[in-house]
Amino acid sequence: MDFRIIKTVISREYTTRVKKKSFLVTTFVVPILFAAMMVVVFLIMGNTKERKMDVAVVDQSGIVMSHLESGDRVTYTDYSSEVPDSIKAHLKDYGKDALVVVSPLDTVKKTVSVQAYSKDPLGVEFTGGLSDKVDDAVEEYRIAQYGIDNLPQIMEDVKSNVKVTEYTLDESGKENVSESGIYMIVSMLLGIIIWMFIMMFGGQVMSSVIEEKSSRVVEVLISSVKAVDLMFGKIIGIALVALTQFLLWIVLTVILTSAASMFIGKDMLKSFSGDPQMMAQTVGMTPEQMEAIGGVVAATDTTATTDVIDNQPGGLQTVMATLSNIPWTKLIISFLIFFILGYLLYASLYAAIGSAVESVEDTQQLQMPITIPLMIAYLIILMAFQNPDSPVVVWASMIPFTSPIVMLARIPYGVPMWQLIVSIVLLFLTFIACAWLSAKIYKVGILMFGKKSSFKDLWNWLKQK
């Protein structure tokens, strides 16, 4: 390879792409769309929260109505003396949005059934809240059946909410407080960043090769430079363009979201962040998963202090202590190594596929061996935080086609140095082998026209000297 020529190709690829209107448009439009999406989400959630409902209740059990306390969003009115069918047929005349009918008490099973009627769907928030209130009423009734004096207070007194405070031990045996939720977020974030980068910009390498091949520009380029030099120059040049765009996205997104938060208003942000159920529904997580990352929520609480009991730290102090326990030097160096080697490995494979076809539509079959390991790696990082030392996660962090993503997800939890070194060495050797094989395919395929290539064709090209 001629590194002087590769440098020239890199410069050409970079300057040509950053000057394109499409680069400028996507660089500025994506952060704007992201900020606009956040504004829309907050506005929608804010308006949804303000919806008020008037609900008629026919309590045939006699135990539920007392638990249905009206609030800012829902007003319950007792219509137990009336016939449910009459109310159901004339909801608008009653000025009600819904009718809740509680069945007579089943004295055998000691429970009730509940039906809710409305013209429009009531929503998960309303039905979930109603279900909780009915459960409280049934539980209170069941407790009363035991006939034990002061039993409700006794049961309330015996309830416990013990939280585990985690400590990690360094080589000297020193105890450091930690929070698993922080490790989970850091590991998932790093893994997903590399996964997105490979998927997005590896695909750009393939599209660029196809574009030059279909326009016959590559025939002119090949007359001046070697195919291998052209391939590596293109891969590195697009990587630099991607990094430039990625950094600009981060800067612009931070600026725009800060401006958007000022537009939305602090009151709405505070109201939204103070509703865990709403936050969980918005980000597509369960309340239990939100609780698992409670350390991050605590980090935003400026009133977080040290728990006096047992001197156990909490809130912001726990989050900061956990972040300080992460081996940042090791993590950043590893991130750069896996980031570069992982991209080069997959970009070379994408370049080989691009050279073998004449249109993006023809790449579907040939892409399968590449996309499957990436999807497997993505699924594994979603479970890595549950058990980062499980055999599946460990092996996936060593296998070169999944290690760039999975190993980064493991490092915050601690990885033996020998495993990290073996993973890097295997990834580097695999990159060299795949780059050599991809170069052989690229050298032949880039000048092949008029025929849809198959895996058999790729194999025949590899056997050529």
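Here is a chat about a predicted model and the reasons behind the words used for it.

User: Before we start, what should I know about the numbering and the model?

Analyst: Residues are numbered from 1 along each chain as its sequence is written, and side-chain values use heavy atoms, leaving out hydrogens and water. As this is a predicted model, local features need pLDDT of at least 70 and side-chain atom pairs count only at pLDDT 80 or more, while totals for chains, interfaces and linings use all residues.

User: How many helices and strands are in the chain?

Analyst: The chain has 20 helices and six strands. Those are DSSP runs numbered from the N terminus: H or I with at least four residues for helices, E with at least two for strands. Of the 465 residues in the chain, 41% are buried.

User: What makes T27 buried or exposed?

Analyst: Buried means under 20% relative accessible area, exposed means over 50%, and partly exposed is in between (1.4 Å probe, protein chains only). T27 has a relative accessible area of 1%, so T27 is buried. You'll find T27 in helix α2, residues 21-49.

User: Which residues does T27 touch?

Analyst: Leaving aside residues up to four places away in sequence, T27 touches Q245, L248, W249 and L252. Contact here means heavy atoms within 4.5 Å.

User: What joins the side chains of T27 and Q245, and why does it get that name?

Analyst: A polar contact of 3.2 Å joins the two side chains. The term asks for a pair of N or O atoms within 3.5 Å; within protein, one must be able to donate a hydrogen and the other to accept it, and residues adjacent in sequence count only if both atoms are side-chain atoms. The 3.2 Å between T27 and Q245 falls within that 3.5 Å limit.

User: What about D132, buried or exposed or in between?

Analyst: D132 is partly exposed, because its relative accessible area is 47%.

User: What makes the span of α15 agree with expectation?

Analyst: Helix α15 (residues 328-356) has 29 residues, which should span 42 Å, and its end C-alpha atoms are 42 Å apart, so the two agree. α15 is mostly covered, with 21 of its 29 residues buried.

User: Why is α16 called roughly parallel to α18?

Analyst: Two packed helices are described by the angle between their axes and the distance between the axes. Axes are lines fitted to C-alpha atoms, for helices over the stretch in contact, and angles run from 0 to 180 degrees between N-to-C directions. Angles under 35 degrees count as roughly parallel, over 145 as roughly antiparallel, 65 to 115 as roughly perpendicular and the rest as oblique. Helix α16 (residues 364-384) and helix α18 (residues 403-410) pack at about 10° with axes 9 Å apart, so α16 is roughly parallel to α18. Their contact has eight nonpolar, no polar and no charged residues. By class, Ala, Val, Leu, Ile, Met, Phe, Trp, Tyr, Cys and Pro are nonpolar, Asp, Glu, Lys and Arg are charged, and the others, Gly among them, are polar.

User: And what makes α19 and α20 a roughly perpendicular pair?

Analyst: The axes of α19 (residues 417-445) and α20 (residues 455-463) come within 9 Å and cross at roughly 105°, so α19 is roughly perpendicular to α20. This contact has six nonpolar, one polar and one charged residues.

User: Why is N150 called exposed?

Analyst: N150 counts as exposed because its relative accessibility is 52%. N150 lies in the loop between α5 and α6 (151-158) and has a positive phi of about 60° although it is not a glycine.

Technical notes: The expected span of a helix is 1.5 Å times one less than its number of residues.
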